[in-house]
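Please read the following report alongside the sequence and the three-dimensional coordinates. It takes up confidence, overall form, selected local features and the contact between chains.

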Amino acid sequence: MLNVLVLGILNGSIYALVGSGLSLTYGRQNVIDVANPAFVVVGAYLVLFLSEKFGLDPYLVTPLALAALFVMGAVVQMLLINPLLSRPDFEMHVQSALVLFGLAMFIQVCLVLTFSADFRGIHTSYTDAVVRIAGLRLPLVKLISTGLAFVTLLSLYAFLTRTFIGKAILATYANRETAQLLAINVKRIDVITYGLGTAIAGIAGLVIALTFSFSPASVLPWTVIGFAVAVIGGKGSVLGTFIAGLTVGIVEAGVSVTISANWTYLAVYSLLLLVFVVRPSGLLGERL
Amino acid sequence: MQAQHLSWGGLAVFMAIVAACALLPFTPLPDFYIQQAFRILFFAGLAQSWNILGGYTGYLSLGHSSFVGIGGYTIGCLFFAFHWSPFLTFPLAGVSAAMLALIIGLICFRIRGSYFLIATMLVLFIMQTLANNLPSVTNGADGIDLPLFTSNFTLEGRIWFYIGLALVVLTTLVAFFIERSRLGLNLMAIREDEDVARTMGVKVVHCKAIAFVVSAALAGLLGAAYTYRAHVIEPSTAFSVEMSAAPIMMAILGGSRNWIGPLIGAVIYDVVSNILLLTVGNEASDMLFAVFLICVVLLLPDGIIGIVNRFRTKNVLPEPPSGVTPPIRSDSALHPV
């Protein structure tokens, strides 16, 4: 029982990390960001590539990867999303989803062409290290990942609530026109938000590279988990995302231990549908 | 609506094209093209059926292939369990898809916009998981093989060509009459602004449910035909994201505001993707296709029909003088120009 709970929390915090980037970028301005999970996988490959190229520890090359991803995100916002902003709402849903779906497809093919379609993973000297706590054997990398997820989400929360740019992001999120009246440059905030979401996807990529194996085809499963977490948590809410990530992790671990691993996805999907029916705006999102 | 002044004439042109196509098997055209044409016809029908909800109502369903899959699985499972001929169980595919749509509708019509999109995508994954995990009904991941009904491939190709053609005519007629009916106007009102539509007395849930069920039933029939044509059904291809995404792209490419767009879009989409696949190979064609998709959405928001309409209206309306704000686009869609 304790085992299941701990496993759920370890995986769940990683899911929360995957969902938090998405929670920032999706739903804002009617943009349905199906490309963010693709950047998670890009992050994983970037860390792999950089650490192999410089022969450095994956954690040390991560800042470089994050900077690269931030720039990529900013470019995507400027080139692909900005031209859509003047269109009516219902068209924005469809068209942003299509454009970003095209982008995700493009990214996936680029990854296949540069890194092949094989499953990869990062193997370091400490990959197999195990920590014993209270009779449980916990893999060291997962513990570090969980810590990293906590730190990232906490700093994201602090950034959004304590800094000017963070508050501007939340204000733009809540009401674009009003934010504009308050002399916030919403176009610049858009670019920063998308870059930030992409950079967080990069941290998630690092964590995934170290704890799971990944391939270009991993984009789809991570999209599902990312959206599950972001929607259950409520868009734009860091705390909600965190709770949702843990819930998904624990439900997944519980189902795979008690019933069968085949049914874990079904459990997660049903949980998500339940949230849709009971509270469409997510646990801590704004009411629609 | 722009469609109105070309509706009956357009339908006559469409019927003439269909009649011309029906003669194709009797021309010296190689059999290969007749066999391949089924794919285009299938996707034209699928894009048309998706558009009834997605285009007219503005509810973007990413789960359209759940209906294709359930249609296919209806005939597949009945054959697997009772050895009933897929030809006889064919109508049941539409019924089961319509029932699934009713159930999904009960859950999903409470939610709007991006949430609807994600919810329908979830339904797709749930269906796939169920098909994988209920081997007693669906034979699990191995899938179900369906019998050949003739070993004469030329004849088979022709039979499927006509079935495909019939399905395209069926879906197009349904879309055409919905578009011209009161229901169609209600749906378009919901697309433009659901709250206003409700205030004006449109029974929004009722209308959305009808559109969804009709759209799903047509997709179910198409799915049954597609499955029997392929002679095999298995979870990963029956409930695939690609199959869901394709009709959306086709409808957007052609123009999703009337029944002509999805047909044009499907033909162009299928021809372009096949040419790319044959000339530059798998990966490169996927990449070019992604770029193509992004460009179409960014540069042609109203699809190919949009360009045509722009030329048609250019002769009627003078360009607004410089310095005058041009009318908002959603406005021009509401009023006939």
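The sections below describe a predicted model, beginning with the confidence values and ending with the contact between the two chains.

## Confidence of the model

For the complex as a whole, the predictor gives an ipTM of 0.79 together with a pTM of 0.82. Chain B has a mean pLDDT of 82, and 91% of its residues reach 70 or more. Among the elements of chain B, the highest mean pLDDT, 91, belongs to α10(B), whereas the lowest, 42, belongs to helix α16 of chain B, residues 329–334.

Two stretches of chain B call for caution. Residues 1–5 of chain B have a pLDDT below 50, and beyond near neighbours in sequence this stretch has six contacts in the model. Residues 323–337 of chain B likewise have a pLDDT below 50, with 13 contacts in the model beyond near neighbours in sequence. Where pLDDT is low, the predicted coordinates should not be read in detail.

## Overall form of chain B

Chain B contains 16 helices and two strands, and its C-alpha atoms fill a box of roughly 70 × 50 × 40 Å when taken along the principal axes. Because a compact globule with 337 residues would have a radius of gyration near 20 Å, the 20 Å of chain B agrees with that expectation.

Of the 337 residues in chain B, 46% are buried. When contacts with a separation of 6 or more are considered in chain B, residues 24 or more positions apart account for 79% of them.

Helix α9 of chain A, residues 219–233, has 15 residues and reaches 21 Å from its first C-alpha to its last, close to the 21 Å expected at 1.5 Å a residue. This helix, α9(A), is mostly covered, with twelve of its 15 residues buried; among them are Val219(A), Trp222(A), Ile225(A), Phe227(A) and Ile232(A). Just after α9(A), the backbone of Gly234(A) adopts a positive phi of about 100 degrees.

Helix α1 of chain B, residues 7–22, has 16 residues and reaches 22 Å from its first C-alpha to its last, close to the 22 Å expected at 1.5 Å a residue.

## A buried glycine in chain A

Gly197(A) is found in helix α8 of chain A, which spans residues 186–211. Is Gly197(A) buried or exposed? With 26 other C-beta atoms within 10 Å, where 20 or more are needed, Gly197(A) is buried.

The C-alpha atoms of Gly197(A) and Ser20(A) are separated by 7.7 Å, although the two residues are 177 residues apart along the chain. Leaving aside neighbours within four places in sequence, Gly197(A) is in contact with Gly21(A), Leu24(A), Thr25(A), Asn36(A) and Gly73(A).

## Hairpin and positive phi values

In chain A, strand β1 (residues 130–133) and strand β2 (residues 136–139) pair in the antiparallel sense over four bridges. Within this pairing, Val130(A) has Pro139(A) of β2(A) as its bridge partner. The two strands, β1(A) and β2(A), form a hairpin with two residues between them, and Ala134(A) in the turn has a positive phi of about 50 degrees.

His83(B), which is not a glycine, has a positive phi of about 60 degrees and lies in the loop between α3 (64–82) and α4 (86–108) of chain B; with 8 other C-beta atoms within 10 Å, His83(B) is exposed. His231(B), also a residue other than glycine, has a positive phi near 65 degrees and is found in the loop between α10 (204–230) and β2 (232–233) of chain B. Because His231(B) has 13 C-beta neighbours inside 10 Å, His231(B) counts as partly exposed.

## Contact between the chains

How many residues of chain B are in contact with chain A? There are 33 such residues of chain B, and they are in contact with 37 residues of chain A. On the side of chain B that touches chain A, α5 (113–133), α12 (241–254) and α14 (282–299) of chain B each supply at least two residues, and α5(B) gives the most, with eleven residues. By class, that side of chain B has 23 nonpolar, six polar and four charged residues.

Terms used. Residues numbered from 1 in each chain as written. Chains lettered and ligands numbered in written order. Predicted model: local features only at pLDDT ≥ 70, side-chain atom pairs only at ≥ 80, totals over all residues. Expected span 1.5 Å × (residues − 1). Contact = placed C-beta atoms within 7 Å. Nonpolar A, V, L, I, M, F, W, Y, C, P; charged D, E, K, R; others polar. Pairing = 2+ DSSP bridges. Rg over C-alpha atoms; globule rule 2.2 N^0.38 Å. pLDDT = per-residue confidence, 0-100.
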